[in-house]
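This report is meant as a first reading of the structure shown below. Please keep the picture at hand while going through the sections that follow.

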Amino acid sequence: MTPGPGELATALEGKGYFADEGLCTAVHLALRLGRPLLLEGEPGVGKTEVASVLSRITGLELIRLQCFEGLDSGQALYEWDHPKQLLHVRVAESRGEDPGDLYREEFLLRRPLLRAVRAERGAVLLIDEIDRADNEFEAFLLEFLGDYQITIPELGTVRAGTPPIVVLTSNRTRELHDALKRRCLYHWIAFPEPGRERAILRASVPGLEERAADGLVRAVQRVRRLPLLKRPGIAESVEWARGAVALAEGGDPWPLALRRALGLLIKDEEDTRMLLGHAEDVFSDA
């Protein structure tokens with residue numbers, strides 16, 4: 001029985017992930033309909049963590065395919081173990097035996113997509129940062145995403161006995177093909193509204209007092225409104241809070257601790273100069 005959006009929200013929160021109604025609904029429908037879930041959004045808003053927390057909730061193995069430029073089907077689907085095949089041939093020849101068929105299961109290297117198809121109990125498959133892969137790579141995914149199957153010419157078509165839960169993430173560095181999007185349920189993860197970000201910080205940062213969390217969230221929200229090259233995500237705000245708490249525990253007053261820990265929030269020199277130019281506005285009541 002697929003949990004409803006409300007039950008999912010509770011289960012996710014129990015694992016430390018605070019999702020809004022829209023994301024919970026998208027995850028619910030993806031599970032209910034057996035569709036891949038395509039998540040887009042700014043870096044650091046928690047796209048990758050969705051797959052990780054679904055793995056923990058369901059108890060299924062998390063299989064990750066990290067995409068990059070030049071990724072090919074052999075690295076994602078399967079490869080033949082040529083050294084093992086060659087060794088088998090040499091051993092057979094030394095014994096005067098026929099090496100037999102070299103294209104069988106024992107010589108097959110299972111890469112992430114084939115591992116997900118072959119997982120008996122099912123699996124959570126994370127195809128991370130699909131926008132970093134080449135356009136051509138998306139074509140290799142279409143058969144898999146449409147029917148959860150892979151065609152191996154030497155062995156035939158391999159279908160998933162238990163379809164995997166598939167989560168694709170994209171930072172939108174390029175536009176994805178319509179054919180891939182049609183096979184997925186789509187959801188954009190925005191930066192969290194203040195109340196949800198406060199809840200995330202209080203759950204993730206031991207020792208962070210409520211007033212400090214309020215001030216930090218106000219500061220982060222203002223920082224994100226600046227014309228920065230890279231706006232900080234949830235991951236950066238959590239690390240900023242942890243750094244500021246560590247400095248505050250060492251004796252720094254809270255506003256100074258926030259300023260001194262800025263390297264955990266902003267990771268670009270131009271953005272740092274931009275922020276310091278607006279420091280009075282950002283930190284006025286932090």
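## A hairpin of two strands

In this predicted model, strand 6 is connected to strand 7 by a hairpin of three residues. The two strands, covering residues 149–152 and residues 156–159, run antiparallel and are joined by four bridges. Within this pairing, Gln-149 has Arg-159 of strand 7 standing opposite.

## The parallel sheet and the helices across it

A separate description is needed for the open sheet, in which five strands follow one another in the order 2-5-8-1-9 with parallel pairing. Its edges are formed by strand 2 (61–66) and strand 9 (185–189), each of which pairs on one side only. On average, neighbouring strands of this sheet are turned by 20° against each other when direction is ignored. Inside the order, strand 1 (residues 37–41) pairs with strand 8 (residues 165–170) in the parallel sense over four bridges, and one of the contacts to look for is that of Leu-37, whose bridge partner in strand 8 is Val-167.

Helix 2 (residues 21–33) lies across strand 1, strand 8 and strand 9, and runs at about 160° to strand 9. Helix 7, in turn, lies across strand 2, strand 5 (123–128) and strand 8, and its direction is at about 155° to strand 8.

## Helix 3

Helix 3 comprises the 12 residues 47–58 and reaches 18 Å from its first C-alpha to its last, which is close to the 16 Å expected at 1.5 Å a residue. Its buried residues are Lys-47, Val-50, Ala-51, Ser-52, Val-53, Leu-54 and Ser-55. After helix 3 comes Gly-59, which has a positive phi, near 80°.

## Aromatic pairs

The model has four aromatic pairs. One of them, formed by Trp-80 and Tyr-103, is edge-to-face, with 4.9 Å from centre to centre and 90° between the planes. This pair links distant parts of the chain, since Trp-80 belongs to strand 3 (residues 78–80) while Tyr-103 sits in the loop between helix 5 (82–94) and strand 4 (108–110), 23 residues apart. Trp-80 counts as buried because its relative accessibility is 10%, whereas Tyr-103, with a relative accessible area of 33%, is partly exposed.

Another pair, Phe-137 with Phe-140, is tilted, at 6.4 Å centre to centre and 50° between the planes. Both of these residues lie in helix 7 (residues 135–147), three residues apart, or about one turn of the helix. Phe-137 is buried at a relative accessible area of 2%, while Phe-140 is partly exposed at 41%.

## Salt bridges

The count of salt bridges comes to 20. In one of them the side chains of Glu-138 and Arg-174 meet at 2.7 Å, N to O, and this pair links distant parts of the chain, with Glu-138 in helix 7 and Arg-174 in the loop between strand 8 and helix 8 (178–182), 36 residues apart. Both Glu-138 and Arg-174 are buried. By contrast, the salt bridge between Arg-172 and Glu-175 (3.9 Å, N to O) involves residues that are partly exposed, Arg-172 at 43% relative accessibility and Glu-175 at 46%.

Asp-214 and Arg-198 also form a salt bridge, with their closest N and O atoms 3.3 Å apart. Because Asp-214 lies in helix 10 (residues 210–224) and Arg-198 in helix 9 (residues 194–204), the pair ties together parts that are 16 residues apart in sequence.

Notes
Residues are numbered from 1 along each chain as its sequence is written. This is a predicted model: local features need pLDDT of at least 70, side-chain atom pairs count only at pLDDT 80 or more; totals for chains, interfaces and linings use all residues. Side-chain values use heavy atoms; hydrogens and water are left out. Rings of Phe, Tyr and Trp (its six-membered ring) pair if their centres lie within 6.5 Å; planes under 30 degrees apart count as stacked, over 60 as edge-to-face and the rest as tilted. Buried means under 20% relative accessible area, exposed over 50%, partly exposed in between (1.4 Å probe, protein chains only). The expected span of a helix is 1.5 Å times one less than its number of residues. Two strands pair if DSSP finds at least two bridges between them. Axes are lines fitted to C-alpha atoms, for helices over the stretch in contact, and angles run from 0 to 180 degrees between N-to-C directions. Contact means heavy atoms within 4.5 Å. A salt bridge is a side-chain nitrogen of Lys or Arg within 4 Å of a carboxyl oxygen of Asp or Glu.
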